[in-house]
Amino acid sequence: MLSKCYRCFRPIKTCYCDAITPIDAGVKFVVLMHPKEAFKQKTGTGRLTHLALMDSEIIVDTTFDNNFRTQALLKDPAYYPMVLYPGETAQATETFPFASALHHKKLLIFLIDATWTFAYKMMTRSASLQALPQLSFRRDYRSQFEIKRQPAATCLSTIESAYYLIKELQQAEVCPRSLNPEGLMAVFQLLIARQKQYLTHADVGLMQASQTEV
């Protein structure tokens with residue numbers, strides 16, 4: 001039986017834990033993970049995101065209105081909850097009034113870790129998530145997830161989303177400017193490099209081609 005690391009859920013020989021140095025972004029991140037990401041995906045980045053960020057956690061479910069932990073976080077007066085999701089009402093970090101909104105509360109960001117189809121279903125079936133203020137990227141970030149087909153080049157993995165969001169929150173003076181979030185991208189690149197070892201050149205070419213589609 002293959003030995004497995006029970007932190008990153010990778011086989012011991014490809015464990016990522018030694019490459020991760022968790023950072024404190026001053027924000028609580030909660031990864032809302034679809035069960036298929038939790039139990040079937042070999043290249044999922046949601047768990048890596050959690051391991052790379054202090055004060056973060058993973059909640060596995062398909063809907064969240066009746067999820068005890070999610071609802072407890074939403075009702076906790078210590079937090080100001082938001083969700084990173086490109087909805088119609090989503091705002092950019094550059095224009096969101098964090099100073100007045102937070103008012104001595106800690107920012108809590110929900111990250112949805114699922115395919116775009118499942119992410120949409122998780123949102124539409126969870127009224128409590130839909131009611132939250134939404135953040136979305138306005139900058140033209142391009143995914144570097146070349147080993148996985150994405151619907152479009154601007155569709156970011158969970159760990160890329162966390163990285164770019166932290167960078168934007170630094171500019172918004174929510175996360176410390178002295179913070180160095182490059183460790184998230186470093187472990188992400190390690191994941192890609194290791195996975196590419198198991199792909200043929202043709203496979204990699206197809207993956208790269210898919211990233212240029214918009």
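This is a predicted model: local features need pLDDT of at least 70, side-chain atom pairs count only at pLDDT 80 or more; totals for chains, interfaces and linings use all residues.
Student: Which residues of helix 7 meet which residues of helix 8?
Tutor: Ile 159, Glu 160, Ala 162, Tyr 163 and Lys 167 in helix 7 contact Glu 182, Leu 184, Met 185, Val 187 and Phe 188 in helix 8. Contact means heavy atoms within 4.5 Å. Helices are DSSP runs of H or I, at least four residues, and strands are E runs of at least two, numbered from the N terminus.
Student: What classes are in that contact?
Tutor: Seven nonpolar, no polar and three charged residues. Ala, Val, Leu, Ile, Met, Phe, Trp, Tyr, Cys and Pro count as nonpolar, Asp, Glu, Lys and Arg as charged, and the others, Gly among them, as polar.
Student: New topic. What is the strand order in the sheet?
Tutor: The order is 2-1-4-3-5, in an open sheet of five strands with parallel pairing. Strands pair if DSSP finds at least two bridges between them.
Student: Which strands stand at the edges?
Tutor: Strand 2 (56-60) and strand 5 (134-135). Each has a single partner strand, so one side of each lacks a neighbour in the sheet.
Student: How many bridges join strand 3 to strand 5?
Tutor: Two. In one of them, Leu 84 partners Leu 135 of strand 5.

How values were computed. Residues are numbered from 1 along each chain as its sequence is written. Side-chain values use heavy atoms; hydrogens and water are left out.
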